[in-house]
Amino acid sequence: MLQPIEPVMDPSFPPGHPRDLGGPWHSEAACRSDEAGLFFAPSKEPTAARLSREEAAKRVCARCPVMLECREHALLQPEPYGVWGGMTAAERRVVLARRRRREVELQRPAAQIAAAG
């Protein structure tokens with residue numbers, strides 16, 4: 001599993017954009033050549049425009065050689081905004097909720113065995 005990395009801020013990009021962060025996998029990211037606005041919503045963006053922009057960002061992610069590393073980074077941080085690793089913030093929240101439920105379910109049998117022992 002990837003370890004969280006410390007942000008290295010670059011004032012030319014929005015906070016949290018993959019280009020703000022240091023780390024070996026970032027240099028290979030496909031998003032490095034795209035506009036930062038593609039991955040982060042402007043304030044009060046209409047729903048149709050947001051969906052279109054997110055799909056365009058996901059197309060960039062789909063061709064990215066480090067998409068899985070980016071996604072895991074966004075899940076570990078957790079990144080609250082933008083498209084990371086081909087997933088929106090809402091999609092990442094669903095994955096995180098599933099992971100938490102799975103962890104609780106896996107701990108339940110261990111606790112029952114310990115109580116019975």
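This is a predicted model: local features need pLDDT of at least 70, side-chain atom pairs count only at pLDDT 80 or more; totals for chains, interfaces and linings use all residues.
Figure 1. C64 touches E28, A29 and A30, leaving out residues up to four places away in sequence. The place of C64 is the loop between α1 and α2. With a relative accessibility of 14%, under the 20% cut-off, C64 counts as buried.

**Figure 2. A30 and its contacts.** A30 is found in the segment before α1. Beyond its neighbours within four places in sequence, A30 is in contact with V60, R63 and C64. For A30 and R63, the separation in sequence is 33 residues, while their C-alpha atoms are 7.1 Å apart in space. A30 counts as buried, because its relative accessibility is 14%.

**Figure 3. C70 in helix α2.** The helix α2 holds C70. Its contacts, not counting residues up to four places away in sequence, are W25, W84 and G85. C70 is buried, since its relative accessible area is 9%.

**Figure 4. Residues annotated as a binding site.** In an unreviewed UniProt entry, the annotation "binding site" covers C31, C61, C64 and C70. These residues span 40 residues in sequence, but no two of their C-alpha atoms are more than 10.6 Å apart, so they gather at one spot. C31, C61, C64 and C70 also belong to the lining of the largest cavity.

**Figure 5. The largest cavity and its lining.** The structure holds one cavity of 30 Å³ or more. About 80 Å³ of space lies in the largest cavity. Its lining is made up of 15 residues, and those nearest the centre are C31, C61, C64, C70 and G85. Two helices, α1 (47-62) and α2 (67-76), each supply at least two residues of this lining. By type, the lining residues of the largest cavity divide into 14 nonpolar, one polar and no charged.

**Figure 6. The largest pocket and its lining.** The largest pocket contains about 240 Å³ of space. It is lined by 14 residues, of which A41, E54, Y81, G82 and A89 are the closest to its centre. Helices α1 and α3 (89-116) each supply at least two residues of the lining of the largest pocket. The lining of this pocket divides into eight nonpolar, two polar and four charged residues.

Conventions:
Residues are numbered from 1 along each chain as its sequence is written. Side-chain values use heavy atoms; hydrogens and water are left out. On a 1 Å grid over the protein atoms alone, a cavity is a set of points where a 1.4 Å probe fits but cannot get out, and a pocket is an open set with protein on both sides within 12 Å along at least five of seven lines; lining residues have an atom within 4 Å of a point. Grid points are joined across faces, edges and corners, and a volume is the space filled by probe spheres set on the points. Helices (H or I, at least four residues) and strands (E, at least two) are DSSP runs, numbered from the N terminus. Ala, Val, Leu, Ile, Met, Phe, Trp, Tyr, Cys and Pro count as nonpolar, Asp, Glu, Lys and Arg as charged, and the others, Gly among them, as polar. Buried means under 20% relative accessible area, exposed over 50%, partly exposed in between (1.4 Å probe, protein chains only). Contact means heavy atoms within 4.5 Å. UniProt positions are given in the numbering used here, feature names are shortened, and annotations may be inferred rather than shown by experiment.
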